[in-house]
Amino acid sequence: MWSVKNSSNAKLSTEAELSAVFQQMGMKPDHHVRFGGEALVAPKDNNVIIQQLDDDSLAIHLGFLQVGHRYHISIFLSPAMCPNGPLQGPSSDVGSATAVFNPNCHLLSMSQCEDGRWHLNVEYFAHKEKLMKEDLLLLSPDDNHNISLKLTFHARVLGRGKGTPLLRNGIHSVGVELEDEGETSDWQGFD
């Protein structure tokens with residue numbers, strides 16, 4: 001409760017008296033902080049952020065993930081993001097594509113929607129803490145299998161015991177892979 005001293009130095013204690021003083025001073029007694037229009041920030045959505053770097057390269061920001069977790073990521077790419085036309089993922093039957101296969105980030109399925117957008121389902125394994133960057137190369141379906149689009153997935157990966165992140169829309173945890181304890185184990189083995 002605010003208290004304001006009037007000209008007779010008596011303390012004002014009721015809302016009505018305080019409101020009267022504010023009105024005399026030409027102020028509104030609504031007690032709310034007001035900012036100009038430029039200070040208002042649009043509410044942040046929880047979608048995966050796709051940033052076009054150049055004609056054949058996209059950065060996909062996944063937000064926070066958790067180490068040791070495997071995720072399925074569903075994203076949509078507009079036709080403007082794929083200017084080189086139809087796409088396909090690397091597979092073992094494509095001679096040069098086996099060299100670009102990434103076990104931590106690979107394409108599960110890809111289809112083209114009726115509106116021309118591409119729907120990609122990607123499996124992503126958060127195998128290390130801190131910042132993680134994994135590339136996924138999409139190829140043109142012609143005989144040369146040239147790289148048509150390079151997707152770079154960016155994530156900040158939380159370590160064990162560092163909390164559970166709020167996953168962005170289109171990202172779902174599908175499993176946890178426990179790491180081997182290795183030499184740090186206290187187990188002495190069987191006698």
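Phe153 has a relative accessible area of 0% and is therefore buried, a class defined as under 20% relative accessible area, with exposed over 50% and partly exposed in between (1.4 Å probe, protein chains only). Tyr124 likewise counts as buried, at 0% relative accessibility. The model is predicted: local features need pLDDT of at least 70, side-chain atom pairs count only at pLDDT 80 or more, and totals for chains, interfaces and linings use all residues. Residues are numbered from 1 along each chain as its sequence is written, and side-chain values use heavy atoms, without hydrogens and water.

The structure holds one aromatic pair. Rings of Phe, Tyr and Trp (its six-membered ring) pair if their centres lie within 6.5 Å; planes under 30 degrees apart count as stacked, over 60 as edge-to-face and the rest as tilted. A charge sits over a ring if NZ of Lys or CZ of Arg is within 6 Å of the ring centre and within 35 degrees of the ring normal.

| Ring feature | Residues | Geometry |
|---|---|---|
| Tilted aromatic pair | Tyr124 and Phe153 | 6.1 Å centre to centre, 50 degrees between the planes |
| Arg over a ring face | Arg117 and Phe76 | 4.4 Å from the ring centre |

Contacts of Tyr124 (heavy atoms within 4.5 Å), not counting residues up to four places away in sequence, include Leu62, Ile73, Met132 and Phe153.
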